[in-house]
Amino acid sequence: MDCRTMMAPIKTSLFADEPAARAIDFMVEKHMGLVPVTERDGTFAGLISGDSLMGFMLPKTISIMSRVERAMSHASYLDESAEEMQERLVSVRGKTIGELVDRQVRTVTPDTPLIDALMLITGKQYVVPVVDEENKLLGAISFFSVLYGLHEEYDRETAQKAKQKERAQRKLEKEAARKKLEEESDKESEE
Amino acid sequence: MTTATPLPGDVDALAEGIATVLPMGATPVMGHSVIFGLDPLWLSATILIATYAILLSEKLNRTVVVLIGAGLVIVTGVISQAQAIAGIDFNTIALLTGMMIIVSITRVSGVFEFVAIWSTKKVNADPMGILIVLSIVTAVFSAFLDNLTTVLLVVPVALLIVEKLNISPYPFLFSQILAANIGGTATLIGDPPNILIGSATGLTFMQFMTNMGPLSVIVLIVMVPLFKLLWAKGLIADEKHRERVMGFREADSIKDVVLLKKSLTVLALVIAGFIIGEQYHVLPGTTAMLGAAILLLVVSWGETEHNQAARLHEAMQEVEWPALFFFIGLFVIVAGVEHAGMLTILGKALTEFTGGDLEATAYATLWLSAVVSAAVDNIPFVATMIPLVESMEPAFGGRDIMEPVWWSLALGACLGGNGSLIGAAANVMVSGLGARAGYPISFFTFLKIGMPLMLLSVAIAHLYVWLRYFF
């Protein structure tokens, strides 16, 4: 099975040159934590995530130093007001989406074996963009698209099996009716 | 072995003294042959110089480079494996390992952040005041812990404070580097050159404290007005931003009070052990490793076997093994040149250069080590200088008389680290942290500030050595 089978189309695109405010509003409205972003020509630019947005919402030093080994394991001593967080939100909204996207994202093509995409998802890249050979975004594979695809497949198979069962049942019934008729006609002829 | 003390200035007698007293003369004493019948003296010197050159290029990992150099010293037959192992200073390795384990456990308690924030609030979040108190905090921590851990814990807090104050972080980054190296100068365990010198010479923790400590304090005191002169103008924060820093809750930085008490107690006992142990011939390496083992025991007391193993594993993971193997490789390379007699020749040359005058030798060692340490990693330099200075001791009349030279070597190597951005490991660490936070430090920008301040501090050290030992 390849990625084409389980790929979900991208219905709404976010463009890298748009204001970050649009991405934030979009993610809040749609309850989406991870959205693919493209350039205007459809080339895949990266993923914008709730994680990275939260990183920008932290004080810059904490956001960076928490990723430095052994440098900053906590900052419990920092008691921030809503005003301070609001200031940073305003600053983040003023950036472009391109400034916030994670560009170090692994992509797959429609022909990539599905198992490779599943391994990426298991490795914590929850959305795997599917691109063509020109890096144009075609769709994405995620936990949901895989389950949805499998569900559809299951439904299709179940429906098929039910039909087959029904057909077999009908055949049996017909056979039984035919046998009954034959028996009755045999009885009548004997009489 | 006794040697008549030559008269000052009697260079030939001194040189002769070196040649006759040392067990390893210019002609190496070895139980096996050198590959292809090569001259061990030149072979070992070539390996040492090639290793230095590759280290200087910074193209390859330094630990890998010295381990290859060490391997070559053995396989080419300059020294045997047994001689190489005998050349490794396990006291230094144990001291470094033990302190790394103790600090890795202690830092989890949040004590470093607590002290940094507490002192910041004591100066009412005034930017210049913060710069000074954080410099003092870093200097004091650096004196008793390793410099890298100190800057790794204090610099992020300093950057966060700077972010909240909305002021330039550069003065803080620069002052942290300078303070770490100045503070590290003060004690036997403060900076790797001191650990190496202390271990090789047997100079005690208290001797370091009393000889190096005062100079370290003097240099720091001199630096404060200079810091003000350099940076006070640009360090202005408005009341609103200062209030945000004053809102920091330092008590909340303590994550584990029990761990804090246990680790600080063990740390205090280890430092006491450094001082007391000397009287009973217990070397600092033993004290530090025993302290580390005791701390591991008390922090995992009552826990399941699995948790105890997990805690040990965690502590061991924080030990900087590449740094330890760097030291091991260096010891072997230096043992090679030492056995081959190269350092005896250099020692003789240095004695001739200074005219056999102890005072001149001390000053030459001070300035040489400062300048070299500014340009290259001071650890391999000091590791090489130690046997060289040792080779001069008998000619000058023994270790006690040579003490000013040892202090000069330590002062030059530690303070010299401030001369450039690559002068010491702490410099590289702070510069890396700054770059990651979006504040890159250029080599020349640091040089413009670091070099004059380093030269000034070494000049102060020169004056100190003169007043203390030769006046």
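A residue is taken as buried if 20 or more other C-beta atoms lie within 10 Å of its own, as exposed if 12 or fewer do, and as partly exposed in between, with C-beta atoms placed from the backbone. The structure is a predicted model, in which local features need pLDDT of at least 70, side-chain atom pairs count only at pLDDT 80 or more, and totals for chains, interfaces and linings use all residues. Residues are numbered from 1 along each chain as its sequence is written, and chains are lettered from A and ligands numbered from 1 in the order in which they are written.

Two residues in a loop of chain B have positive phi values. B:Asn124 lies in the loop between α6 (111–122) and α7 (127–144) of chain B (helices, H or I of at least four residues, and strands, E of at least two, are DSSP runs numbered from the N terminus). The phi of B:Asn124 is near 55 degrees, although the residue is not glycine. B:Asn124 counts as exposed because it has 11 C-beta neighbours inside 10 Å. B:Ala125 is also placed in the loop between α6 and α7 of chain B, and has a positive phi of about 55 degrees without being a glycine. B:Ala125, with 22 other C-beta atoms within 10 Å, is buried.

In chain A, three strands form an open sheet in the order β2-β3-β4, with mixed pairing (strands pair if DSSP finds at least two bridges between them). Strands β2 (14–15) and β4 (44–49) of chain A are at the edges with a single partner strand each, so one side of each has no neighbour in the sheet. Five bridges join β3 (residues 34–38) of chain A to β4(A) in the antiparallel sense. Opposite A:Leu34 stands A:Ser49 of β4(A).

Between the chains, 16 residues of chain A are in contact with 18 residues of chain B (contact requires C-beta atoms, placed from the backbone, within 7 Å). On the side of chain A that touches chain B, helix α4 (residues 60–65) of chain A gives the most, with five residues.

Key
Contact = placed C-beta atoms within 7 Å.
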